[in-house]
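Here is a short note for a colleague who is opening this structure for the first time. Please read the points with the model in view.

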Amino acid sequence: MKRSLLGRIWPNATAIVLFAAFVFPVYWMFSTAFKPTGDIITETPVWFPTDVTFEHFKTAYNAPNFLTLVRNSLTVTLLAVVFSLIIALFASFALARMRFKGRKSMILVFMIAQMAPWEVMVIAIYMLVRDADMLNSLVPLTLFYMVMVLPFTILTLRGYVAAVPKELEESAMVDGCSRPQAFVKVILPLLAPGLMATSLFGFITAWNEFPLVLILNKEPESKTLPLWLSQFQSQFGDDWGATMAAASIFAIPILILFVFLQRKAVSGLTDGAVKG
């Protein structure tokens with residue numbers, strides 16, 4: 001009986017400790033953003049704000065080019081996710097349904113591309129963009145962000161396409177649908193969990209990406225939020241309240257997206273990893 005009780009307590013206690021360890025930094029970031037400056041610089045930590053203030057958010061919002069950088073981040077992130085999903089839908093269908101020479105080798109290439117650190121290509125990417133006279137442009141960022149998330153998207157969606165019975169597609173074609181129509185009407189609706197998982201992964205990857213924009217985009221109007229956030233501290237000195245407010249603003253889109261998609265995204269990641 002005692003062993004059974006301990007067997008239930010230890011996993012739950014471990015889960016609680018891990019949850020607290022991961023959640024506390026997020027709580028501290030948001031709480032600091034709302035604290036008055038006196039509560040932030042005091043030697044004794046103030047765990048809960050004694051008075052809520054929005055001054056730090058006003059400071060972050062009024063920072064130079066803030067709205068432009070928000071627009072830049074949203075533009076490159078959303079376009080990269082949409083383009084990667086469109087390409088991955090066709091590629092995953094071909095890899096899951098069709099049999100052609102080099103198919104297994106192509107799957108292996110996607111796996112290697114997913115595991116390989118793309119940072120080793122930073123110098124080559126910079127030279128390519130420089131020679132194309134596209135530095136300080138959002139177009140190269142969008143293309144490279146798309147390439148970064150594409151292997152994962154293809155491999156995940158391939159598992160979902162392979163899990164859909166061929167008989168459903170064949171039945172739709174017998175009823176008069178062409179193959180593209182059968183894909184859109186039959187297969188595509190069943191890929192919703194996989195689309196949720198890959199879009200969330202792609203959004204987080206592109207939204208948080210830092211080294212590439214640091215190298216390619218030097219002009220203030222062409223930067224994105226991660227680079228802006230890294231330079232926020234030096235821009236405002238030791239204004240920790242404004243820094244935490246800026247970090248909170250940066251994290252809000254990810255938190256909102258995760259809250260709405262987390263259930264389907266988690267099932268999409270696990271199902272897509274074992275199917276096909």
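**Notes on helices, cores and rings**

1. Start with a glycine. Gly159 counts as buried, because its relative accessibility is 0%, and buried means under 20%. Gly159 is found in helix H7, residues 138-163. Keep in mind throughout that this is a predicted model.

2. Gly159 also has a glycine to compare along the chain. Gly194 lies 35 residues away in sequence, and the C-alpha atoms of Gly159 and Gly194 are separated by 8.7 Å.

3. Next, a helix pair. Helix H9 (residues 179-190) packs against helix H10 (residues 192-208) with the axes 4 Å apart and an angle of about 60 degrees. H9 is therefore oblique to H10. Which residues make the contact? From H9 come Leu188, Pro189 and Leu190; from H10 come Ala192, Pro193 and Leu195. By class, this contact of H9 with H10 has six nonpolar residues, no polar ones and no charged ones.

4. Now the largest nonpolar core. It has 19 residues, and Trp207, Leu225, Trp228 and Phe232 touch the most other members. Helices H3 (55-61), H4 (66-97), H10, H12 (225-235) and H13 (240-274) each supply at least two residues of this core. Which helix gives the largest share? H13 does, with six residues.

5. Leaving aside neighbours within four places in sequence, Phe232 is in contact with Ala60, Ala63, Ala242, Thr243 and Ala246. Another core, of 17 residues, lies apart from the largest one; among its members are Leu95, Ala96, Leu150 and Ile154. As background, nonpolar side chains tend to be buried together in soluble globular proteins.

6. Then the aromatic rings. How many aromatic pairs does a search of the whole structure find? The search finds 13 aromatic pairs.

7. Are Phe34 and Phe57 buried or partly exposed? Phe34 counts as partly exposed because its relative accessibility is 24%. Phe57 counts as buried because its relative accessibility is 17%.

8. Finally, an aromatic cluster. One such cluster is formed by Phe24, Tyr27, Trp28, Trp47 and Phe48.

How values were computed:
Residues numbered from 1 in each chain as written. Predicted model: local features only at pLDDT ≥ 70, side-chain atom pairs only at ≥ 80, totals over all residues. Heavy atoms only, no water. Axes fitted to C-alpha atoms, helices over the stretch in contact; angles between N-to-C directions. Parallel < 35°, antiparallel > 145°, perpendicular 65-115°, else oblique. Contact = heavy atoms within 4.5 Å. Nonpolar A, V, L, I, M, F, W, Y, C, P; charged D, E, K, R; others polar. Core = buried A, V, L, I, M, F, W, Y, C linked by side-chain atoms within 4.5 Å. Buried < 20%, exposed > 50% of the residue type's maximum accessible area, 1.4 Å probe, protein only. Phe/Tyr/Trp six-rings, centres within 6.5 Å; stacked < 30°, edge-to-face > 60°.
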